[in-house]
Amino acid sequence: MLGRAAKQRAQNRAESSADTGTKSIAKSAAETADASSACGQSGQSQPLVAAFLEDMRVVRNASPVTVRAYGTDLQDLQVFLESLGLSLEHPRDIDRKTLQSWLASLFRAGLARSSMARRLSSARTFFRYLQRKGLIDSLAVIQIRNPRQEQHTPAALNVDEACDLLDKARETRKERARGTDAAHAAALECRDFALAELLYGSGLRISEALSLNAVDVNPQQGFVRVLGKGSRERLAPLSDTSIAALKDWLDQRSLIAGELEPALFTGARGKRLDRREARRIIESLCQRAGLARTVSPHVLRHSFATHLLAAGADLRSVQELLGHKRLSTTQRYTQVSLGQLVAAYDAAHPLSDQKTQHTQQGRGKGTK
């Protein structure tokens, strides 16, 4: 939506913290090297795969998580090819039947169809890269249909569960971590609720929330600027409770965050909060709220979308709020309950029971 402005903002963020930026670049390069080395054949290097992953990171601006996922998928393909005496380093020797055999092996191994589709997508992207570089002549090798996907509605909390997660959990005191004093424990408590309020109140991806920097967040504005997938920037509105929770956390953040740490959300050691710890935070809040299940941070995003649509929000607006590139992605949340369907039918259709009864009563009055 604001691609050029997003790229400029990302560049400004990097320049504002030179030391942190240098470490981040080094970390990204190391993760690219790790992902490419994982695709090695009997310890040998894989220069084509390494070059592809570097292209993903630098040219396509893919996140470290995405680069690592592509590396893992190509590693799986490389292992299969080795069993046939083939290699990704000799792509001209690989044909469509070989990739179909690979997918068949994944199916026999019990892999989910969504995971199979993702690995096939990684292979497609790799072979398209090879064609652009002139290393293969045709893309016939990847002319394979995706496995038919199972249709399912994304998991979501109901409204009562979401409210309990954010309200009831406050009534249960969190166990203080070993070596943490009362002030630090209170600050971490503020962080936990600020994170949960932001995920549910604004529908952020966990990666988007964790990548926010403190200097970029001003709760009084009523929104936050989020850099989403593909460096697409969007404005995410803040709920009243999220504004209050963020203010409380920012007031106490200095007790936890390292002096040079730019991250909005930090761990107990003062460094940027990671996904694993964020998941533990949400699971802990579920347990403290007495919910029958624990959920991941992404379920709060699903709940945000589901509750907006159930309350009458239009699909296009929800698409913008979620930062979805395609409307079809947002349409997954439009599944409604049978009760909602019956209520809509009774309220609108002229032949529904309620409409029929009303019509008969009107006719009766007219004949007397």
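**Exercise 1.** Is N61 buried, partly exposed or exposed?

Residues are numbered from 1 along each chain as its sequence is written, and side-chain values use heavy atoms, with hydrogens and water left out. This is a predicted model, where local features need pLDDT of at least 70 and side-chain atom pairs count only at pLDDT 80 or more, while totals for chains, interfaces and linings use all residues.

*Solution.* 
- Start with the cut-offs: buried means under 20% relative accessible area, exposed means over 50%, and partly exposed is in between (1.4 Å probe, protein chains only).
- N61 has a relative accessible area of 49%, so N61 is partly exposed.
- Now place it: N61 is found in the loop between α3 and α4. (Helices, H or I with at least four residues, and strands, E with at least two, are DSSP runs numbered from the N terminus.)
- One more thing to spot is the phi of N61, a positive value near 55° in a residue other than glycine.

**Exercise 2.** Work out how the rings of F52 and F126 are arranged.

*Solution.* 
- Rings of Phe, Tyr and Trp (its six-membered ring) pair if their centres lie within 6.5 Å; planes under 30 degrees apart are stacked, over 60 edge-to-face, and the rest tilted.
- The structure holds four aromatic pairs.
- For F52 and F126, the centres are 5.3 Å apart and the planes are at 80°, so this pair is edge-to-face.
- F52 belongs to helix α3 (residues 47–58) and F126 to helix α6 (residues 113–132), so the pair ties together parts that are 74 residues apart in sequence.
- F52 is buried at 1% relative accessible area, and F126 is buried too, at 0%.
- F126 and F127 have ring centres 5.6 Å apart and planes at 75°, so they are edge-to-face as well.
- Zooming out, F52, Y70, F126, F127 and Y129 form one aromatic cluster.

**Exercise 3.** Check the length of helix α4 (residues 64–83).

*Solution.* 
- The expected span is 1.5 Å times one less than the number of residues.
- With 20 residues, α4 should span 28 Å, and its end C-alpha atoms are 29 Å apart, which agrees.
- The buried residues of α4 include V67, Y70, L74 and L77.
- Just after α4, G85 takes a positive phi of about 75°.

**Exercise 4.** Find what sits over the ring of F193.

*Solution.* 
- A charge sits over a ring if NZ of Lys or CZ of Arg is within 6 Å of the ring centre and within 35 degrees of the ring normal.
- Here the charged end of R170 does so, 4.1 Å from the centre of the F193 ring.
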